[in-house]
Amino acid sequence: MRMRKKKSTSEPTSILTIPGLQSAGWPAFLGIAVILIGILAFPVAFDIRFYFVQVGILIMFYATLGTAWGIVGGYAGQHSIGQAAFVGIGAYTSTLLYMKLNISPWIGLIAGMLLSALIAAVIGYPLFRYGLKGDYFALGTVALGLIIFELTTSFSTITGGSQGIPLKYEENPLNFQFPNRTVYYYIIFIMWILTVFTSYKLRRSRAGFEMLAVRDDEIAAARGGISVLKAKLTAFILAGVISSAAGTFFAQFILFLDPGTVMSLGISVQIILVAVLGGMNSYLGGTLGAIILIPVSQFLASTFTERPGTDIALYGVILIILMLFMPNGILGLFRKSPKWRKIVGW
Amino acid sequence: MFASVLVSGLVLGGIYSLVGAGLNLIFGVIKIINFAQGALLMFGAYFSYWIVTWLGIDPYLTLPIVVAGMGLLGYLIQTTLINPVLKQERTSQLLITFGISLLIQNGALALWGPDIRFVKSFVGYNTFEFLGIRIGVSAAIAILGASIIIFLLFVFLNKSKMGTAIRAVSQQSDSALLAGIDVKRVYAIAFAIGSAMVGVASVLMIPIYDIYPLMGEQFGVIAFIVVVLGGLGNVQGAAIAGVFLGVTQNIFAVYVSNQLSVAILFLIFLITLLFRPQGIFIRKMRVS
């Protein structure tokens, strides 16, 4: 009797606590520790060419974006096709503040995130309200991606247009610029780990469960007292804010900005592919997808320099094949096993 | 001046109408958004271009071949790629058409290069005077051709047996199946028609517009705006909305700002989504 009573009082919280990594025990934690130390030691431990550090940076950059996309595309089931718009907003906000008003990109990072949140809310609200179907959202985000691209290209007096805008280089950590470029590796590492941690925690929080409920059955979720609009908007804003932060980082890293490099449709495609390949419902999906896809894309881009377009055409083939035969991605293969399911957080 | 702006706006609008009505037919019947619509337009234009180059015939004469070829392509896309994933989540269908679009568009870029190509029709740049307005013959053919095709589509959907089956499937695919309609075949035919209409649009536009691998991108995205403005699934609405957007864009481009003329369409799109997400016409989710 006592046991039973205890169980019933703790029930409201226990519904929301699913076994996560803890249940996997020490092997999982040991594994995570080894991997993290390996990633941290990678640029300094071996005498490697900076090129490989750069690939590592790109992998973590896309892992961050893919994980963020997983929140809106995987958890909430709203497929944002123009996610690169937020990367562009982050990159251009910090850069323009820095170049025109001499405001530190660290402040620009925050400003970009706030602007992205605002734009995500303004665009997301009409697309999500009245229970409009997901199709509207996909259409709306395509339009958003293109409108931001067109506006950036058109207002060339401010943004440099399609010519691009070079960032001035002043070595000063307060300006997000460092004497040693390996520092960027550690900055994106922190961004990536924070994003994965956010995604993991979100999946196990009330807000995360609400997103899943909305994704799986919108009407039932609404009947269950969940605010569908709020769940979708939260996911969209969160993904936009993270993407924007990554965009600021990217602008500082490459020190040159034009609409094509930060917000072309190709970037949006890459983000989606990374998330879908890894498994967009898992907090690790974006990371796994980036580890596989980014080296491949680097290879393809350098192999087919004479025939531009070949690499993206191949992405198209990969995307079609993935959707036909493995729509849940690589981590989706683990969802049948109860033990692995907890670890990958499906 | 204004009259000629209006005419070129009508040409653009006719193309938008054909592409948008095709997209909306596909959406209304199969309930998928075909992201490849713009890429198919580009493909149709290259298809026609290569026939013209190899056979040396007039671009307008390629119409039957291009329409048949594009229809077949649409049929094959539906039967081989979309039908297998109909039962899966909508993501799969959405991302598959997106993948097709990437493949076609960038495949064209890789195979044929980024060069701008053009074809010359026997009508050339001849013009004629109509009600005191100078009109290009190719522009007149485009406007007339688009109107005829939209009218034929309307007649087909409302008067023929297959058209009735398509409308039935678009309204209630389960009941249509119970009534003995081969729903998957209707899906394939709807996709084929949507794709064939893009073929018509591409043949009508190539004597006027340049041909290059990214030419379809803008049309594909604007087709979405056409569809939202006309109401998702409303083929007639899309046809009217297409003309409206083409004319608006052209007037804006000439009198206000050429650079921002595409942005104004997105503004219209966002305003529509805010205030009338079901489209500006009353009937919705209906084919025809």
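Me: How many residues does the contact take from chain A and from chain B?
Reply: Keep in mind that this is a predicted model. Residues count as in contact if their C-beta atoms, placed from the backbone, lie within 7 Å. On that basis, the contact takes 34 residues from chain A, and from chain B it takes 34 residues.

Me: Which helix gives the most to the side of chain A that touches chain B?
Reply: The helices that each supply at least two residues to this side are α6, α7, α14 and α16 of chain A. The one giving the most, with 13 residues, is α7(A).

Me: How do the residues on that side of chain A divide into nonpolar, polar and charged?
Reply: Let's go through the groups for the side that touches chain B. Charged residues number 3 and polar ones 7. That leaves the nonpolar group, with 24.

Me: How far apart are the end C-alpha atoms of helix α12 of chain A?
Reply: Helix α12(A) runs over residues 228-254, which makes 27 residues. At 1.5 Å a residue it should span 39 Å. The model agrees, because the end C-alpha atoms are apart by 39 Å.

Me: How many of the residues of α12(A) are buried?
Reply: A residue is buried here if 20 or more other C-beta atoms lie within 10 Å of its own. Helix α12(A) is largely enclosed by the rest of the structure, because of its 27 residues the buried ones number 23.

Me: Which residue of β2(B) is the bridge partner of F128(B)?
Reply: Strands β1 (127-130) and β2 (133-136) of chain B pair in the antiparallel sense over 4 bridges. Their hairpin has 2 residues between the strands, and L131(B) takes a positive phi near 55° there. Across the pair, the partner of F128(B) is I135(B).

Key
Residues are numbered from 1 along each chain as its sequence is written. Chains are lettered from A and ligands numbered from 1 in the order in which they are written. This is a predicted model: local features need pLDDT of at least 70, side-chain atom pairs count only at pLDDT 80 or more; totals for chains, interfaces and linings use all residues. Two residues are in contact if their C-beta atoms, placed from the backbone, lie within 7 Å. Ala, Val, Leu, Ile, Met, Phe, Trp, Tyr, Cys and Pro count as nonpolar, Asp, Glu, Lys and Arg as charged, and the others, Gly among them, as polar. The expected span of a helix is 1.5 Å times one less than its number of residues. A residue is buried if 20 or more other C-beta atoms lie within 10 Å of its own, exposed if 12 or fewer, and partly exposed in between; C-beta atoms are placed from the backbone. Two strands pair if DSSP finds at least two bridges between them.
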